[in-house]
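Where do charged side chains pair up, and where does open space remain? Look at the model below with these two topics in mind.

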Amino acid sequence: MEVNPNKSIGEIAVEYDDAIELFEKRDINYAFGGRQTLQDACEQAGVPLPEIISALGNMKNFNPGERALDWSDRSMGVIIDHIVKRQHAYLRLRLAFFCKKSSELAKAPGEVDPSVVQLNKTLLDIAEHLEEHMKEEEEVVFPYLKEMELATEQGINRSNRYRELAVPQHPIAKLTWKHEVMWDQWVTLRKLTNDYQAPAGANPDFVALCRGLKEFQEIFQEHGHLEDNILFRKAVEKGFLD
Ligand SMILES: [Fe+2]
Ligand SMILES: [Fe+2]
């Protein structure tokens, strides 16, 4: 199967069963933004494009992946409920815990590693950005998408309220841009924790924090993928958010 390097990384992540595993292994961002081409995403990650094209070309299962298939087939309302009740709830809960733990570590008596202070700062920053972002999704964009979907099911013609908006105000542009910013912050955080590897003899709380952050990344990526590559794409295809 010929792989087009100009196709978006998000589309490829949805189309190939094993692509997500490959992208995660090679640290290629497929989940946040999702609109960059395969070529650009490889370049950003510093991974040779031919290597990825060859790996994708060897994948036999050119079918929507299981995770993606589950969601691609569902209504936007069902996807949104899952995002809010499961993913947003999880992200809020865990981030609050990480902020609390890292603040305690940063303020511990004695000499504190500067990277711990920086980690705490980055986590507080991510939590603030993410809260503001999820609020906008939950209060503005998601209710609008549900309303549009319902109207379409009932045969009512509603106009796309965002059609005339310029890029900076357009929700898709704004939300996907925020996703990219948050992913960049997360990459910084990974570097600060040396890829979640606490040094030998580190404070057990720091070890637990690193472990928690590693688990969090998986859900965080799944979340970005579900929004950017599945929900928002669906909304664009239906003409609700083009
Ligand atoms: Fe979200
Ligand atoms: Fe989001």
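Lys174 is partly exposed, at 33% relative accessibility. (Buried means under 20% relative accessible area, exposed over 50%, and partly exposed in between, with a 1.4 Å probe and protein chains only.) This is a predicted model, in which local features need pLDDT of at least 70, side-chain atom pairs count only at pLDDT 80 or more, and totals for chains, interfaces and linings use all residues. Residues are numbered from 1 along each chain as its sequence is written, and side-chain values use heavy atoms, with hydrogens and water left out.

**Salt bridges**

Side chains of opposite charge can pair when their charged atoms come close. A salt bridge is a side-chain nitrogen of Lys or Arg within 4 Å of a carboxyl oxygen of Asp or Glu. The whole structure holds 14 salt bridges. The table includes three of them.

| Pair | Closest N to O |
|---|---|
| Glu104 and Lys100 | 3.3 Å |
| Lys101 and Asp205 | 3.8 Å |

Lys101 sits in helix H6 and Asp205 in helix H9 (residues 204-237), so this pair links distant parts of the chain, 104 residues apart. Lys101 is buried, at 19% relative accessibility. Asp205 is partly exposed, at 33%.

Glu136 belongs to helix H7 (residues 114-153) and Lys174 to helix H8, so their bridge ties together parts 38 residues apart in sequence. Glu136 is partly exposed, with a relative accessible area of 24%. Elsewhere, salt bridges with shared partners join Lys100, Lys101, Glu104 and Asp205 into one network.

Glu104 and Lys100 are four residues apart in helix H6 (residues 76-106), about one turn of the helix. Helices here are DSSP runs (H or I, at least four residues), numbered from the N terminus.

**The largest pocket**

A pocket is an open set of points on a 1 Å grid where a 1.4 Å probe fits, with protein on both sides within 12 Å along at least five of seven lines; lining residues have an atom within 4 Å of a point. The largest pocket holds about 310 Å³ of space. It is lined by 15 residues, and Asp27, Asn29, Gln44, Trp183 and Val187 are the closest to its centre. Helix H8 (171-192) gives the largest share of the lining, six residues. Domain 1 (9-68) and domain 2 (76-237) both contribute to the lining of the largest pocket, so this pocket lies between them. The domain bounds come from an automatic or database domain assignment.

Conventions: Chains lettered and ligands numbered in written order. Points joined across faces, edges and corners; volume = space filled by probe spheres on them. Helix = DSSP H or I, 4+ residues; strand = E, 2+ residues; numbered from the N terminus.
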